[in-house]
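Subject: Structure handover

Hi,

Here is the structure for you to look over. My notes on what was found in it follow below.

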Amino acid sequence: MRVQLGDETVILHTEVQADTSRKPMWSRIAGYNGFLVNLHELPVYSNVLYLHPRAGRDDKGYYAYKGHGYEYTLRYKVVRLVEIDGQSVLEMQAPGLLPFTPLMKSPEGMEPNRWLEKCVDVTASAITEQHTRDTLLAALGVFSGLVYEPQFIKQLLPEGIMQESPFFREYIQEAEERAMERGL
């Protein structure tokens with residue numbers, strides 16, 4: 001995304017990683033940065049958002065080498081949801097962040113399933129339009145699926161919330177179109 005930071009126009013690149021990938025993140029970011037600098041001829045500021053608690057544990061946010069008169073350094077920001085205080089985010093009531101709270105650090109001593117219940121309750125009572133709340137709950141259900149049992153998530157979400165979400169409807173529509181193309 002092209003953004004204005006102060007008096008500088010830059011490319012802001014954010015990589016979202018659900019779990020560990022085969023290719024190291026520093027290698028992927030180096031490739032993306034090279035491509036983006038070449039394409040836009042602007043500075044590139046990269047961020048990596050790790051969703052799963054196991055993802056990116058060893059990512060230090062940089063890659064560097066030096067030798068034979070050459071030097072290369074790449075630094076990028078690393079954000080691990082599991083390191084963010086989820087209770088503080090729930091208290092902020094920022095709708096755009098609520099679907100991610102089940103992946104964040106829960107209060108000390110709180111059981112994981114109880115934490116998910118609390119995240120669902122706060123999201124279900126968010127001060128937004130009903131349609132927005134339903135979409136937030138559907139997104140929370142999708143992201144929760146990275147670490148919680150699907151059956152437990154289904155028990156907590158209001159009946160039919162996933163089927164009513166715009167994402168789910170679009171996914172079903174695409175699946176139906178592919179099936180029609182194949183004559184199924």
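Start with Arg-114, which counts as partly exposed because its relative accessibility is 38%. Keep in mind that this is a predicted model.

**Salt bridges**

Arg-114 has a partner. It forms a salt bridge with Glu-117, and the closest N and O atoms are 3.4 Å apart. Both residues sit in helix H3 (residues 112-124). They are three residues apart there, so about one helical turn separates them. Glu-117 is partly exposed too, at 27% relative accessibility.

How many salt bridges does a search of the whole structure find? The search finds four. In general terms, side chains of opposite charge can pair when their charged atoms come close.

Another of them joins Arg-54 to Asp-19, with the closest N and O atoms 3.8 Å apart. This pair links distant parts of the chain. Arg-54 is in the loop between E3 and strand E4 (62-67). Asp-19 is in the loop between E2 and H1. The two residues are 35 apart in the chain. How accessible are they? Arg-54 is partly exposed, at 47% relative accessibility. Asp-19 is partly exposed as well, with a relative accessible area of 30%.

Glu-83 forms a salt bridge with Arg-80. Here the closest N and O atoms are 3.8 Å apart. Is Arg-80 buried or exposed? Arg-80 is buried: its relative accessible area is 15%, and buried means under 20%.

**The sheet**

Next, the strands. Four of them make an open sheet in the order E1-E2-E3-E6. The pairing is mixed. Which strands are at the edges? They are strand E1 (2-5) and strand E6 (77-80), and each pairs on one side only. From one strand to the next, the twist averages 35 degrees.

Look at E1 and strand E2 (residues 8-17) in particular. They pair in the antiparallel sense, over four bridges. Within that pairing, Val-3 has Val-10 in E2 as its bridge partner.

Helix H1 (residues 25-40) packs on the sheet. H1 touches E1, E2 and strand E3 (44-50). The direction of H1 makes about 150 degrees with that of E2.

**Where to look**

- Arg-114 and Glu-117, for a salt bridge at 3.4 Å.
- Arg-54 and Asp-19, for a pair that links distant parts of the chain.
- Helix H1, for its packing on the sheet.

Best wishes

Technical notes:
Residues are numbered from 1 along each chain as its sequence is written. This is a predicted model: local features need pLDDT of at least 70, side-chain atom pairs count only at pLDDT 80 or more; totals for chains, interfaces and linings use all residues. Side-chain values use heavy atoms; hydrogens and water are left out. Two strands pair if DSSP finds at least two bridges between them. Axes are lines fitted to C-alpha atoms, for helices over the stretch in contact, and angles run from 0 to 180 degrees between N-to-C directions. Contact means heavy atoms within 4.5 Å. A salt bridge is a side-chain nitrogen of Lys or Arg within 4 Å of a carboxyl oxygen of Asp or Glu. Buried means under 20% relative accessible area, exposed over 50%, partly exposed in between (1.4 Å probe, protein chains only).
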